[in-house]
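Have the sequence and the 3D view ready.

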Amino acid sequence: MKILTAAQTSQADQATMQAQGIRSDELMERAAAAFCEWLLARLAADPARPLHIFCGPGNNGGDGLAIARRLYQEGFRARVWLLPASKYSADFQLNRQRLPPELVCQALNPKRLPTLAPNALVLDALFGTGLSRPLSGTAADVVQHLNSSGACVVAVDIPSGLFANSPQPPDSAVTRARYTVSFELPKLAFLLPQNAGWVGEWLVLPIGLDPTFIHNLPVDNFFVDADFLAGRLPARSKFSHKGTFGHALLLAGSRGKIGAAVLASKACLRAGVGLLTVGVPAVGYGIVQTAVPEAMALTDPATDFVTELPDLKPYAAVGIGPGLGQEDATREVLRQLLRKATVPLVLDADALNLLGTNPDLLGLLPPDSLLTPHPKEFERLVGQPARDDYHRLEQLRAFAQQYRCYCVLKGAYTALATPDGTLYFNSTGNPGMATGGSGDVLTGVLLALRADKRLSPLDAALLGLYAHGRAGDLAARETGQAGLVAGDLADFIGRALQELTASTPLL
Ligand SMILES: NC(=O)C1=CN([C@@H]2O[C@H](COP(=O)(O)OP(=O)(O)OC[C@H]3O[C@@H](n4cnc5c(N)ncnc54)[C@H](OP(=O)(O)O)[C@@H]3O)[C@@H](O)[C@H]2O)[C@@H](O)CC1
Ligand SMILES: Nc1ncnc2c1ncn2[C@@H]1O[C@H](COP(=O)(O)OP(=O)(O)O)[C@@H](O)[C@H]1O
Ligand SMILES: [K+]
């Protein structure tokens, strides 16, 4: 799915009206209908629950009024509150007139804001994507009132006061929604940790925006779901052999961290690599050979950390970093690897920390390398803390463009930046994956997919990120989130990839 800016959303609305020959109030009606269908399923459980709808002066308020009318038709008597304003949008006014006269509809008085019972359901239709400045005055007071009421707030389209694609000034008033119900496509704001307290759980409902316009619209950001990946992972051909899927080399592990090498190796094999060789210090030889008998092991002459770069000739891709340590000799191995490699590289963990502390190494990064930092590792890489989550994304975009690489930023919605500066946000995964070793598993998966010559660097990265999160979701069904350990992820990678694999046509 594409992620549109607020301005692009309004263009998509206009294009849809033109292409489909509908008026703006008809499009609004679709949004209201979709919202009500979603809400009614929840209201049915408790029809007596007090229901309040807060409407602003624009089309977000218009949505609120259309929702109030539709809920009334379904037998629900909401109390409708209107924010006083100097002007109201045409569709607000139209839907105001369409309200049945029996429906209680009152102007908000900032001195006497309505009492909201803690069990009340509140629909926040104050401001949507037309927000042009932070909230102040009565609008801000109303939002603070909703936030302190303890009522369950459902935001229509976006929490009021939240910008769709740029940061909030500190201390600005924004509705704290339990749910945010948006239309057609997600907004960038929904994907950032700094907005989680406002957005709550979010979902998008289709309202039939013009697919041709959206298809042709250039965007900087994508949200990657299963549909987005459909057809990108080819099925294995009948006569494929292990050479088809590549021979990968993983350089990982140091004393006390051989487990990282084991986890990445298992994941790499489960992600379908043809052959895997693992380069570990001597202390890890027996462990790898025992824990991952499918992998071949190369022993470094040093006992505790990697000091030598193996001959790279046999390999289709090289991964380096999990549990590696940051010894001087290991740094030199990384330097040689960056100089000599002619095949795809996947760099993680200590390989990234070494890049961060030795910026001269960054200049050696071969184009199309894949880097997988978490936010702290990323900060070390760029050498500058981010002002906020939006700034961090701009740093990520700029980094990938500068070094012509694919750079991941791990998190709840892991982002992937490409050399052309596009961002792709992954949709799978859960907080159960916030456990040691999850990142090592990701490295193994990505290494396998980069070794598979059938896949482009972009598809390998997107498929790997999605499958890793999906494996976490499948595993958590069995173990619960708290009980999830990184090794479980490796066990479910095969199933996650199978779900993504294109079925071969019958004819
Ligand atoms: N066909 C469609 O387009 C569809 C749209 N849909 C719905 O429309 C929503 C977008 O509607 P919208 O563009 O009218 O903007 P909205 O957010 O309601 O507010 C704009 C008004 O607020 C005012 N205002 C802004 N900031 C302010 C502030 N800080 N403090 C005070 N006032 C402020 C602003 O005034 P101005 O900036 O001009 O001074 C203007 O009067 C979208 O989120 C979705 O819910 C759906 O129905 C699907 C079809
Ligand atoms: N709340 C979350 N939701 C989804 N995925 C998560 C969440 N927390 C962590 N993850 C995923 O788990 C992995 C953690 O990686 P990392 O921080 O490198 O762990 P480690 O260093 O322990 O291996 C990343 O892929 C990240 O996206
Ligand atoms: K809203």
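Start with Y413, which is partly exposed because 19 other C-beta atoms sit within 10 Å. (Buried takes 20 or more other C-beta atoms within 10 Å of the residue's own, exposed 12 or fewer, and partly exposed is in between; C-beta atoms are placed from the backbone.) What you're looking at is a predicted model, where local features need pLDDT of at least 70 and side-chain atom pairs count only at pLDDT 80 or more, while totals for chains, interfaces and linings use all residues. Residues are numbered from 1 along each chain as its sequence is written, and chains are lettered from A and ligands numbered from 1 in the order in which they are written.

Y413 belongs to the loop between β16 (406-409) and β17 (415-417); strands here are DSSP runs of E, at least two residues, numbered from the N terminus. Leaving out residues up to four places away in sequence, Y413 touches L191, F425 and N426, where contact means C-beta atoms, placed from the backbone, within 7 Å.

Now for T414, also in the loop between β16 and β17. T414 counts as buried, because it has 23 C-beta neighbours inside 10 Å.

Note on methods. Helices (H or I, at least four residues) and strands (E, at least two) are DSSP runs, numbered from the N terminus. Two residues are in contact if their C-beta atoms, placed from the backbone, lie within 7 Å.
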